[in-house]
Amino acid sequence: MARAFLVVMDSVGIGGAPDAGAFFNGDVPDTGANTLGHIAAAAADGRAEEGRSGPLSLPNLAALGLGRALDLASGDGTAGMDDEPEGLWGAATEVSPGKDTPSGHWELAGVPVPWDWTYFPDDVPAFPDDLVGRVAGLAGTTGILGNCHASGTEIIERLGEEHLRTGWPICYTSADSVFQIAAHEETFGLERLLTLCRELAPTLHEMKVGRVIARPFVGAPGAFERTANRRDYAIAPAAPTLCDWVQGAGRRVYAVGKIGDIFSMQGIDEVRKGADVKLMEHLVDLVGEAEDGSLTFANFVEFDSRFGHRRDVSGYARALEWFDAQLPRLFEAAREGDLFLFTADHGNDPTWIGTDHTRERVPVLGRGVGAKAVGQVAFVDVAASVADHLGVPAEGPGRSFL
């Protein structure tokens, strides 16, 4: 029985979104943003030399058709990845009114977002008084710190010492529809932080805020460090997703990375977490171990969280090359009938202004069905195609491109 491995390279966009002009970083529209294309150009020009050198080298993804997908999406044929494709390749376009994690993943899983997300204003304070009171009440404190838009690492460095002194949680947001709470794992307590976020989440979800995110950290002033115990409490999808379709057919669904959080554990049987290096080991293990008929749905987040938001071109290039070099391990462990699909949920162009995601098309690359050009497809077509391969009924609006 066939298996499927759906792998999201978080934020690896390829430009060309037709509605990019309606999405912004600050007051600059995303028109022209191209995560992969601009990283490749920077590398070719010698502007991505920290920890690596030379043109961007992604031979395994290029062999599947990554260069062709980039050219199809944005007309950018300059990335030096003009291999004759050996795999399935195309470019996918999103319709959900957001360039965030839940929107992209839900739509890839067959469910476009049917509402507009709530975003907090880039003011100080950013949060309404009643919400601040609710957070403080649940935390058992007399107030909160932050109450603004901020980078997670920056605000911990700036307010971490005050947090240790007062015990107040550090609350902040971003251009995404999120409410984030940072607290020290040892002095505030990890379980206390997770309980606070879990109990607060229904209030934020009623407001159509997509996620409440626990951001634990450790260390002392001047040396604070976020831990791998992040937890996302996401609003539930608006309808059954690919995960539910597969689970409903009696098959097993494995979530690698933050997939379980994104889908509020709906349709998920088992979760495996860790940093991206550990996630790759989990994925290799599952290629060897997962049952026939199963779905493994993986997210590799560090392209986005460590390098895209921080506008680190060299770091992003290094991460792409590391990821590409791991693919033979997956393919060598594969069984006959396995389908691998590699895609992304949005862009995060590290050459762009600001620190927010960028609205872009994403690659769709496949191994297991031979060489096949699928052209321009919809995000929801990814879910329909995985369901088709697994032989389970698809309930969403997508069409299989297999």
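Which residues does D345 touch, not counting residues up to four places away in sequence? In this predicted model, D345 touches V8, D10, S11, E94, T101, G104, H105, L108, V362 and F379.

**View 1**
D345 is located in the loop between β14 and β15 (362-367). With a relative accessibility of 0%, D345 counts as buried. The D345 side chain reaches the backbone nitrogen of S11 at 3.0 Å.

**View 1. The annotated binding site at D10, D345 and H346.**
An unreviewed UniProt entry places the feature "binding site" at D10, D345 and H346. These positions span 337 residues in sequence, yet no two of their C-alpha atoms are more than 7.2 Å apart, so they gather at one spot. The side chains of H346 and D345 make a polar contact at 3.1 Å.

H346 lies in the loop between β14 and β15. Its relative accessible area is 1%, and H346 is buried.

**View 2. Helix α4 and its two ends.**
Helix α4 spans residues 101-108 and is mostly covered, with eight of its eight residues buried. At the start of the helix, a side-chain oxygen of D100 reaches to within 2.9 Å of the backbone nitrogen of S103. After α4 comes G110, which has a positive phi near 100°.

**View 3. H389 in helix α13.**
H389 is part of helix α13 (residues 379-390). At 18% relative accessibility, H389 counts as buried, because the limit for buried is under 20%. A polar atom of the H389 side chain lies 3.1 Å from the backbone oxygen of R3. For the backbone oxygen of G337, the distance to a polar atom of the H389 side chain is 2.8 Å. Not counting residues up to four places away in sequence, H389 touches A2, R3, A4, G337, D338, L339 and L402.

**View 4. The aromatic pair F217 and F224.**
A pair of aromatic rings is described by the distance of the centres and the angle of the planes. The model has 16 aromatic pairs. In one of them, the rings of F217 and F224 have centres 5.2 Å apart and planes at 80°, so the pair is edge-to-face. F217 is buried at 0% relative accessibility. F224 is also buried, and its relative accessible area is 14%.

F331 and F342 form an edge-to-face aromatic pair, at 6.2 Å centre to centre and with 70° between the planes. F331 lies in helix α12 (residues 313-333) and F342 in strand β14 (residues 339-343), so the pair ties together parts that are 11 residues apart in sequence. F331 has a relative accessible area of 14% and is buried. F342, at 0% relative accessibility, counts as buried. Both residues belong to a cluster in which ring pairs link F5, F300, F303, Y316, F323, F331, F340 and F342.

The charged end of R192 sits over the ring of F188, at 3.9 Å from the ring centre. For K208, the charged end sits over the ring of W115, at 4.9 Å from the ring centre.

The UniProt annotation "domain: Metalloenzyme", from an unreviewed entry, covers residues 3-393. Over residues 3-393, the chain is 37% helix and 20% strand. The end C-alpha atoms of this stretch are 15 Å apart.

How values were computed: Residues numbered from 1 in each chain as written. Heavy atoms only, no water. Phe/Tyr/Trp six-rings, centres within 6.5 Å; stacked < 30°, edge-to-face > 60°. Buried < 20%, exposed > 50% of the residue type's maximum accessible area, 1.4 Å probe, protein only. Helix = DSSP H or I, 4+ residues; strand = E, 2+ residues; numbered from the N terminus. Lys NZ or Arg CZ within 6 Å of the ring centre and 35° of its normal. UniProt positions renumbered as here; feature names shortened; annotations may be inferred. Polar contact = N/O pair within 3.5 Å; in protein donor to acceptor, adjacent residues only side chain to side chain. Contact = heavy atoms within 4.5 Å.
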